[in-house]
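Please examine the sequence and the fold shown below. The paragraphs that follow lead through the aromatic pairs, the nonpolar cores, the salt bridges and some local backbone features.

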Amino acid sequence: MKTLKLDHELAELVRSGSKKTTWRMYDDKDIHVNDEIELIDKVNPKDTGSWRSLGTAKVDIVAEKRLGEITSADMDRYGSFASREGMLKAYRQYYGAQVTLETPVKMIHFTLSEESSALAKDEGALNLKEAKLYADGGSRGNPGPSASGFAIMNMKGQVVVKKGIYLGLTTNNQAEYQALKLGLEEARAMGVRDIHVYMDSLLVVNQMAGIFKVKNRDLWPIHESIKQIVPVFRRISFTHVPRELNKIADSAVNEALDQAAEAQ
């Protein structure tokens, strides 16, 4: 069976279900559509003894292009780089200055087998007593079609659970509050005792911390319902983070919105 080796950060995203792609230059495995492959998590790249199997997957899509032909649509679809310049810089750092815009790269999309996916998530969720919660919400129209998303991570930053939930027609602030509530409920169900919440909504963070008053009456009910959940945890903190540090929760929001739009 062919293998694909993944750096630990990417492997954790695959384990959580939030990543299903990888980019390969100088593909010595000759990966094709329908190939059954084994994914290897290079926990410590310098210590092969730490490497472990993430499970098996089936290759769904293989797209090959020169670096100079990569479009923003490719980057959005396969989600590995934010810009062509960043992509070129990254590959030159890894492979050397011989990489140019004429160098070919393969974009590989795969689906982790159901058995491997279940085992990977069970492994990550086991005995999680302290965790990080990243939550986000979004409304296309404000008010408009809305969704909430959250990611629960262990203290090493490994994603254990990632979910996006379509809400229907609400406002952006309501969607952000719903994301916090849904994430806290999930953490409670998992048995988490200490939870560290991170959101890019300064409003929600400051209102939950008691710095801002809740003046919008539409937010009163959900704010009160979250206050009822807070005492369940032994320790809870709320921290504001820039949007770029909340990308996993944000991606869960957009995935839920896109799926809802496609279903209509």
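Rings of Phe, Tyr and Trp (for Trp, its six-membered ring) pair if their centres lie within 6.5 Å; planes under 30 degrees apart count as stacked, over 60 as edge-to-face and the rest as tilted. By this rule, Tyr-26, Tyr-91 and Tyr-95 form one aromatic cluster.

The model is a predicted one: local features need pLDDT of at least 70, side-chain atom pairs count only at pLDDT 80 or more, and totals for chains, interfaces and linings use all residues. Residues are numbered from 1 along each chain as its sequence is written, and side-chain values use heavy atoms, with hydrogens and water left out.

A pair of aromatic rings is described by the distance of the centres and the angle of the planes. The whole structure contains three aromatic pairs. In one of them, the ring centres of Tyr-26 and Tyr-95 are 5.1 Å apart and the planes stand at 80 degrees, so this pair is edge-to-face. Tyr-26 belongs to the loop between β2 (21-24) and β3 (36-42), whereas Tyr-95 belongs to helix α3 (residues 84-95), so that the pair links distant parts of the chain, 69 residues apart. Here helices (H or I, at least four residues) and strands (E, at least two) are DSSP runs, numbered from the N terminus. For exposure, buried means under 20% relative accessible area, exposed over 50%, and partly exposed in between (1.4 Å probe, protein chains only). Tyr-26 is partly exposed at 44% relative accessibility, and Tyr-95 is partly exposed at 25%.

Another aromatic pair, Tyr-134 with Tyr-198, is stacked, with 4.9 Å from centre to centre and 20 degrees between the planes. Because Tyr-134 lies in strand β6 and Tyr-198 in strand β9, the pair ties together parts that are 64 residues apart in sequence. Tyr-134 is buried, with a relative accessible area of 14%, and Tyr-198 is buried as well, at 17%.

The next topic is the interior. A nonpolar core is a set of buried Ala, Val, Leu, Ile, Met, Phe, Trp, Tyr and Cys residues joined through side-chain atoms within 4.5 Å. The largest such core has 28 residues, and Leu-180, Leu-184 and Ile-195 have the most contacts inside it. Two or more residues each come from β6 (130-139), β7 (144-153), β8 (159-170), α5 (172-190), β9 (194-199), α6 (202-208) and α7 (220-229). Of these elements, α5 gives the most, with five residues. Contact means heavy atoms within 4.5 Å. Apart from neighbours within four places in sequence, Leu-184 is in contact with Leu-133, Ile-195, Val-197, Ile-226, Ile-229, Phe-233 and Ile-236. There is also a second, separate core of 14 residues, including Val-14, Ile-37, Val-59 and Leu-112.

Helix α1 (residues 8-16) is mostly covered, seven of its nine residues being buried. The buried residues of α1 are Leu-10, Ala-11, Glu-12, Leu-13, Val-14, Arg-15 and Ser-16. After α1 comes Gly-17, which has a positive phi near 90 degrees.

Side chains of opposite charge can pair when their charged atoms come close. A salt bridge is a side-chain nitrogen of Lys or Arg within 4 Å of a carboxyl oxygen of Asp or Glu, and the structure holds twelve of them. One joins Glu-130 to Arg-235, with the closest N and O atoms 3.1 Å apart. Since Glu-130 lies in strand β6 and Arg-235 in strand β10 (residues 235-240), this pair ties together parts that are 105 residues apart in sequence. Glu-130 is partly exposed, with a relative accessible area of 26%, and Arg-235 is partly exposed, at 43%.

Arg-235 also forms a salt bridge with Asp-194, where the closest N and O atoms are 3.8 Å apart. This pair links strand β10 with strand β9, its two residues being 41 residues apart. Asp-194 is buried, with a relative accessible area of 7%. Glu-130, Asp-194, Arg-234 and Arg-235 are linked in a network of salt bridges. Elsewhere, Arg-243 and Asp-250 meet in a salt bridge of 3.0 Å, N to O, and Asp-250 is buried at 18% relative accessible area.

Two loops show particular backbone features. In the loop between β6 and β7, Asn-142 has a positive phi of about 45 degrees although it is not a glycine. The peptide bond from Asn-142 to Pro-143 is cis, with omega near 0 degrees. Asn-34, in the loop between β2 and β3, has a positive phi of about 80 degrees and is likewise not a glycine.
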